[in-house]
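Visitor: I have a few minutes and would like to go through this one with you. Could you start with how the elements are named?

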Amino acid sequence: MKSHIRRNIKIALFIAVAFVLGVIESYIPVMPHIPGGKLGFANIISVIVLYLYGAKYALFVSIVRAFLSGLLFSGVNALMYSVSGAFLSVVAMVIVLKIFKDKVSPIGVCVTGALFNNIAQIVVAAILVSDMSIFTYFCFLAPISVISGIATGFGANYVLKYKKNLVGVI
């Protein structure tokens, strides 16, 4: 099979896995009192794709997954939150990875992605409700972002560490 076809199949599988992880995560209440606080399991896949295939594919996987999840399980407003968060988080992760290269681990990359995901979502919320005071909500989301970023970072780091054992799979 040609290499670009094999790569595209793998990217499609990554999207599917990220989507399934997002569905599973939707059944796990992290902090029901704080909307937007989630674990970010799908981000594990985005980071793995970022490390293995690069920024373009990580952005594609994240946005397609966010779009599918938003389209199937949420309304238009939630879709805007999801896609904007996916976009900004991957862009921030790519920048951190390019600037710090070997000085940052997948854990740091995931924490960055989690923080910027929430920043994007708060910006969208501020635009939708026309109220800039909503930015104070970031004080509640930031600690959750850091904790979930660390957790997903450990997951991504584990897979990337043992990827040699998965040759042919990823």
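Guide: The helices here are DSSP runs of at least four residues in state H or I, and they are numbered from the N terminus. In that naming, Leu-71 belongs to helix H3, which covers residues 55-73. Please keep in mind that this is a predicted model.

Visitor: What does Leu-71 form on the surface, and with which residues?

Guide: Together with Phe-67, Leu-68, Leu-72 and Phe-73, Leu-71 makes up a nonpolar surface patch, whose accessible area comes to about 510 Å² for the group.

Visitor: And which residues of H3 are buried?

Guide: Those are Tyr-57, Ala-58, Val-61, Ser-62, Arg-65, Ala-66, Ser-69 and Gly-70, and the buried residues of H3 pack against H1, H2 and H4.

Visitor: How far apart are the end C-alpha atoms of H3?

Guide: They are 27 Å apart, which agrees with the span that its 19 residues should have at 1.5 Å a residue.

Visitor: Changing topic, how many residues are in the largest nonpolar core?

Guide: That core has 24 residues, and the ones with the most contacts inside it are Ile-11, Phe-14, Val-49, Leu-50, Val-61 and Val-109. Two or more residues each come from helix H1 (3-26), helix H2 (41-53), H3, helix H4 (76-100), H5 and helix H6 (138-161).

Visitor: Which helix gives the most to this core?

Guide: H2 does, with 7 residues.

Visitor: Let me pick Ile-11, then. Is it buried or exposed?

Guide: Ile-11, which sits in helix H1, has a relative accessible area of 3% and therefore counts as buried, the cut-off being under 20%. Once residues up to four places away in sequence are set aside, Ile-11 touches Val-49, Tyr-53, Tyr-57, Phe-60 and Val-61. For the pair Ile-11 and Val-61, the separation is 50 residues in sequence, while their C-alpha atoms are 7.1 Å apart in space.

Visitor: What is Leu-50 in contact with, leaving aside neighbours within four places in sequence?

Guide: On that basis, the contacts of Leu-50 are Ala-55, Ala-58, Met-93, Val-94, Leu-97 and Val-109. Two of these, Met-93 and Val-94, are among the buried residues of H4, and the buried residues of that helix pack against H2, H3 and H5.

Visitor: How far does H4 reach?

Guide: From the first C-alpha to the last, its 25 residues reach 36 Å, close to the 36 Å expected at 1.5 Å a residue. Helix H5 (residues 106-129) has 24 residues and reaches 34 Å, again close to an expected 34 Å.

Visitor: Now the backbone. What is the phi of the residue that follows H4?

Guide: Lys-101 follows H4 with a positive phi near 35°, even though Lys-101 is not a glycine. This deserves a remark because most residues other than glycine have a negative phi.

Visitor: Where does Lys-101 lie?

Guide: Lys-101 is in the loop between H4 and H5, and its relative accessible area of 58% is over the 50% cut-off, so Lys-101 is exposed.

Visitor: What about just after H5?

Guide: There Ser-130 takes a positive phi of about 50°, and this residue has its place in the loop between H5 and H6. Ser-130 also counts as exposed, because its relative accessibility is 67%.

Key: Residues numbered from 1 in each chain as written. Predicted model: local features only at pLDDT ≥ 70, side-chain atom pairs only at ≥ 80, totals over all residues. Heavy atoms only, no water. Patch = residues over 30% accessible without salt bridge, like charges linked within 9 Å, V, L, I, M, F, W, Y side chains within 5 Å. Areas by Shrake-Rupley, 256 points an atom, 1.4 Å probe, with all protein chains shown as cover. Salt bridge = Lys/Arg side-chain N within 4 Å of Asp/Glu carboxyl O. Expected span 1.5 Å × (residues − 1). Core = buried A, V, L, I, M, F, W, Y, C linked by side-chain atoms within 4.5 Å. Buried < 20%, exposed > 50% of the residue type's maximum accessible area, 1.4 Å probe, protein only. Contact = heavy atoms within 4.5 Å.
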